[in-house]
Amino acid sequence: MDIEAASGSLPHVSAARCPVPEADPGLVERWRAAGGELVDLLSQVREQLGGVAAFRLGPAPTVLVTDPEAVQYVLARHPERYVKRSHRARLLIGDGVVSATGTAWKQQRRLLQSQFTATGMRRYEQRITEAARTTAGRWAAYARTGQPFDVGQEMRRFALDTIWRSLTGHPLDDGTERELGAVASVAAVLPTLPADVRHAQDAVAADLARIDAVARSAVEAVRGGSTGPDGPGLLHVLIDAAAELPAYTDRLIRDELVTLLVAGHETTATTLTWLYLLLDANPTARAEALTAGGEGSERRRAALQALVHETLRFYPSAWILPRYATEDDTLAGYAVDAGTDILVCPYLTHRDPRLWSDPDRFDPLRFSTPDARPTRPGAYYPFGIGPRACLGMQFAIRESTVLLEHLLPHHTPVFSSVPEKAAYGITVRPDGPTPATLQPPLLA
């Protein structure tokens, strides 16, 4: 029984609960023999069976979910039935809000949520702008001298500067940037670390020690009265919470700080790197964005946001969202047993031709033209949906747009080489360096 994604309806089963359609074991064996990425297997399973399908990598089936209504059911309507296991990034982020569960998660989420509302975001606007101006200054120097640079590294530097200013009130200095390179190092190797927790910790112990040292120094500075030129930041909110909430121990403050560093720069940097690679392959998209309106206009801002959204359609911040069923349930008319592993996959939903016209074409106009994209809940969810959707979604869109406002009209990177494939880890990132030089824009 296939999912009727094109019509927007899920199969209706009245009496007996049917098992989820399961992929031919031969498909999995051929995938294993080819040494493919997990995304290759998931693509084949979805193509063969539709938007709710099962496959086996072990004795029990894993259920893949890409159909919008089923996505909504799992992530938004019944998150208590489909929950996170221990997050694979826990080694790095500890008990931060991304990996926390239950009442601890609710308390942590509640504290941080107010910082990312429209009102809360206003206190970070100037910090985002200053980080963008700093980046624009570096790019102006690259343009004058012809100095080559790595676009991915520049995007990481900008995003890290932005979140560091937002956390501490201070601009990012060279020493802190150097030490926080350990965050990206650990994040990159997490999927390949040993399953044994002790062995995994040993493998990245030196990098974790560097991260912990930066966190301790930042906390001590705030407790010593430092607010920085930009005023108090998110770290001050966490430390103030410790005075009233016993759960906010030094360890939890460290975990939240590192969580915000990881979530606040790694995904944004990756998105912006992909955006520039996509513009390199689709140069007319840049011209369309800049001619949509004058500098500082709402039309240009909307067009730049559309560039970001279309990039996120191709490469969502979270390309896969693992869950497991806490109880027996019926999902899209199919039986799901308690303990079943569920993989919700934005990456595949966003590339489904039954939902998106010509999905392999980079077309930002989908997000700036009325009725140009599916509006069904669950068709587009680069930051997740439901109560565990990313807190920093608006922050990420805003900082990306501000940077493009500063860079796109003035600089066009010319890549000397581009990565040939993507690496599928915590994020989907370009699998290799992105060296470039700057040339004057074709369009002023």
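Residues are numbered from 1 along each chain as its sequence is written, and side-chain values use heavy atoms, with hydrogens and water left out. Because the model is predicted, local features need pLDDT of at least 70 and side-chain atom pairs count only at pLDDT 80 or more, while totals for chains, interfaces and linings use all residues.

Helices (H or I, at least four residues) and strands (E, at least two) are DSSP runs, numbered from the N terminus. Strands are taken to pair if DSSP finds at least two bridges between them. An open sheet of 5 strands has mixed pairing and the order S2-S3-S9-S6-S4. Its edge strands, each pairing on one side only, are strand S2 (52–56) and strand S4 (82–83). Strand S3 (residues 61–65) and S2 are joined by 5 bridges in the antiparallel sense; within this pair, Ala-54 has Val-63 in S3 as its bridge partner.

Helix H2 (residues 38–49) lies across S2, S3 and strand S9 (341–344). The direction of H2 is at about 130° to S2, where axes are lines fitted to C-alpha atoms, for helices over the stretch in contact, and angles run from 0 to 180 degrees between N-to-C directions. H2 also packs with helix H1 (residues 25–34), at an angle of about 155° and with the axes 10 Å apart. The two helices H1 and H2 are therefore roughly antiparallel to each other; angles under 35 degrees count as roughly parallel, over 145 as roughly antiparallel, 65 to 115 as roughly perpendicular and the rest as oblique. Their crossing is right-handed, a crossing being left-handed if the near helix is turned anticlockwise from the far one by less than a right angle, and right-handed if clockwise. Leu-27, Val-28 and Trp-31 of H1 make the contact with Leu-38, Asp-40, Leu-41, Gln-44, Val-45 and Gln-48 of H2, contact meaning heavy atoms within 4.5 Å.

A second open sheet has 3 strands in the order S5-S13-S10, with antiparallel pairing. Strand S5 (149–150) and strand S10 (412–415) are the edge strands, and each pairs on one side only. Helix H6 (residues 118–145) packs on this sheet and touches S5, S10 and S13; the direction of H6 makes about 80° with that of S13. S5 is linked to strand S13 (residues 435–439) over 2 bridges in the antiparallel sense, with Phe-149 opposite Ala-436 and Asp-150 opposite Pro-435. S10 and S13 form an antiparallel pair over 4 bridges, in which Thr-437 of S13 is the bridge partner of Val-414. In a regular strand the side chains alternate between the two faces of the sheet. In S13, Ala-436 and Leu-438 are on the covered face, and Pro-435, Thr-437 and Gln-439 are on the uncovered one.

Helix H11 (residues 234–242) and helix H12 (250–281) form a further helix pair. Their axes come within 10 Å and cross at roughly 160°, and H11 and H12 are therefore roughly antiparallel to each other. H11 passes H12 in a right-handed crossing. Leu-234, Leu-235, Leu-238, Ile-239 and Ala-242 in H11 meet Ile-253, Glu-256, Leu-257 and Leu-260 in H12.

H12 is also among the elements covering the buried residues of helix H14, together with helix H13 (283–290), helix H15 (346–349) and helix H16 (393–407). The 17 residues of H14 (residues 298–314) should span 24 Å at 1.5 Å a residue, and the end C-alpha atoms are 24 Å apart, which agrees; the expected span of a helix is 1.5 Å times one less than its number of residues. The buried residues of H14 include Arg-300, Leu-304, Leu-307, Val-308, Thr-311 and Phe-314. Buried means under 20% relative accessible area, exposed over 50%, and partly exposed in between (1.4 Å probe, protein chains only).

Ser-317 is found in the loop between H14 and strand S6 (321–325) and counts as buried, at 11% relative accessibility. Ser-317 and Thr-268 are 49 residues apart in sequence and 7.8 Å apart in space, C-alpha to C-alpha. Not counting residues up to four places away in sequence, Ser-317 touches Thr-267, Thr-271, Leu-312, Pro-382, Phe-383, Ile-426 and Thr-427.

Ala-182 lies in helix H8 (residues 174–189) and counts as buried at 0% relative accessibility. Leaving aside neighbours within four places in sequence, Ala-182 is in contact with Asp-207, Arg-210 and Ile-211.
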